[in-house]
2 protein chains.
Amino acid sequence: MRLAVFGTGTVGQTLGAAFAGLGHEVVLGTRDPAATRAREGWSSDLPLEEYADAAAGAEVVVVAVSGGGALDALAAGGDLTGKVVLDVSNPLDFSGGFPPTLSVSNTESLAEQLQAAHPEARVVKSLNTLTAALMVAPTSLADGDHTIFVAGDDSEARATVAGLLRELGWSDIVEFEALEAARGMEMWLPLWLRLMQSFGSANFNLKLVR
Amino acid sequence: MRLAVFGTGTVGQTLGAAFAGLGHEVVLGTRDPAATRAREGWSSDLPLEEYADAAAGAEVVVVAVSGGGALDALAAGGDLTGKVVLDVSNPLDFSGGFPPTLSVSNTESLAEQLQAAHPEARVVKSLNTLTAALMVAPTSLADGDHTIFVAGDDSEARATVAGLLRELGWSDIVEFEALEAARGMEMWLPLWLRLMQSFGSANFNLKLVR
């Protein structure tokens, strides 16, 4: 499968490397490839292109930029018709310091905003509920016995994402048949951030016990 | 210990009966005891008094009314000086149908509103993250191997609540040293509600895997 991963921070690099390691064709997308390559410490071997070039030919576009940049990045993604847009971002607003608040919540979600801006694409929310290292290596914690969520209006798009999750090692996948459920997934972040502070580590996740 | 449980719905009745069963002196508080007793199906054997009478002499006041009624109920609670106020309520707004949104969230929480209205009391948030039957019988699910949160600014008040939780059978208790963490605990509800819809059951909880 060909994937475009928008975002060159920890999440984008981690996801890009993991999907490439699974044998997928991965291109990282960024606003200004030359600037990203010139960044101190930049060391990714993955192809790096402008958003629209990265997305061209990709079946899945992963939104792994910061929440504040997600709408702009996707707007620069060219023709997204029919593509699965896997939204991993969180609408964190750090303007008031730490812990951040959410810039959108409760009656809306960032994932729904992305879908509304791109009705031609099929947005699926997933992987936003935990730290990047665990996204791609769930079995490194409790033998993978913890939970990941998938929300989206399009069942085929959800199945595509769930398939990628299984490739990464996820087994406890809870699917929501409406993208609106992304509200709850994004609203998990305030508790997640408190827990990270309290544990002094991001190496945790929730397991739904039922 | 003497506890006043404000609220005569499922949560109040369940918590009241459980604490009484543990040997505590429990009084249920309600706005109009005669109206509550006249309610069809009312069958609690616990003493039932107006809020202020129920709270008089109680060391712990449990707020187990609906979120929309929490501030009014506590305002009717008389002198709360030094009392532990265990807030179990959730600020659910059903005016737009199901699933409800939150009437307060993100930059504030209902628990903080209760504390602000009653600086003379010591508010602790807990037990709002799961269904009533599991609040009082955690070991009925996965041998109790799941997580409960406690948030509050006063360490002694948190310890009092944590003690009650242990009596109920809770062992995995995560304490937050600031009531502000109640924001995250209340913002868990939108995801909880989606999960309840998806599972067709409220008999689940989260376990923090770390």
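Which residue forms a salt bridge with Glu25(A)? The first view answers this for the predicted model.

**View 1. A salt bridge joins Glu25(A) to Arg2(A).** The closest N and O atoms of the pair are 4.0 Å apart. The two residues sit in distant parts of the chain. Glu25(A) lies in strand E2 of chain A, residues 25-30. Arg2(A) lies in strand E1 of chain A, residues 2-6. The pair spans 23 residues of sequence. Over all chains, the structure holds 24 salt bridges.

**View 2. Chain A meets chain B.** On the chain A side, 35 residues are in contact with chain B, and 35 residues of chain B face them in contact. About 2,800 Å² is buried between the two chains. Carbon and sulfur atoms give 70% of that area. In chain A, the residues that lose the most area to chain B are Leu191(A), Arg194(A) and Val209(A). Together they account for 23% of what that side buries.

**View 3. A salt bridge crosses between the chains, from Arg194(B) to Glu180(A).** The two side chains meet with N to O at 2.5 Å. Between chain A and chain B the count is two salt bridges. Polar contacts between the chains number seven residue pairs, with both residues at pLDDT 80 or more.

**View 4. Several elements of chain A supply the side that touches chain B.** Strands E7 (101-102), E10 (172-176) and E11 (205-209) each give at least two residues. So do helices H8 (182-187) and H9 (189-199). Which element gives the largest share? H9(A) does, with six residues. By class, this side of chain A has 20 nonpolar residues, nine polar and six charged.

**View 5. Strand E11 of chain A pairs with strand E11 of chain B.** The E11 strand of chain B covers residues 205-209. The pairing is antiparallel and runs over five bridges. One of the residues to look for is Asn205(A), whose bridge partner in E11(B) is Val209(B).

**View 6. A rotation of 180° superposes chain A on chain B.** The shift along the axis is 0.0 Å. The RMSD is 0.0 Å. This is therefore the relation of a two-fold axis. Which residue of chain A comes closest to the rotation axis? Lys207(A) does, with its C-alpha at 2.5 Å. What share of the interface residues of chain A are also interface residues in chain B? The share is 100%, so the copies meet through the same surface.

**View 7. A cis peptide bond runs from Phe98(A) to Pro99(A).** Its omega is near -5°. Pro99(A) is placed in the loop between strand E6 (92-93) and E7 of chain A. In chain B, a cis peptide bond joins Phe98(B) and Pro99(B), with omega about -5°. Pro99(B) is found in the loop between strands E6 (92-93) and E7 (101-102) of chain B.

**View 8. Leu127(A) has a positive phi.** The angle is about 65°, although Leu127(A) is not a glycine. Where is Leu127(A) placed? Its place is the loop between strand E8 (122-126) and helix H6 (132-135) of chain A.

Definitions and conventions: Residues are numbered from 1 along each chain as its sequence is written. Chains are lettered from A and ligands numbered from 1 in the order in which they are written. Side-chain values use heavy atoms; hydrogens and water are left out. Contact means heavy atoms within 4.5 Å. Buried area is the accessible area (1.4 Å probe) that two parts lose on being put together, summed over both. A polar contact is a pair of N or O atoms within 3.5 Å; within protein, one must be able to donate a hydrogen and the other to accept it, and residues adjacent in sequence count only if both atoms are side-chain atoms. Helices (H or I, at least four residues) and strands (E, at least two) are DSSP runs, numbered from the N terminus. Ala, Val, Leu, Ile, Met, Phe, Trp, Tyr, Cys and Pro count as nonpolar, Asp, Glu, Lys and Arg as charged, and the others, Gly among them, as polar. Two strands pair if DSSP finds at least two bridges between them. Copies are superposed by least squares on the C-alpha atoms of residues with pLDDT of at least 70 in both.
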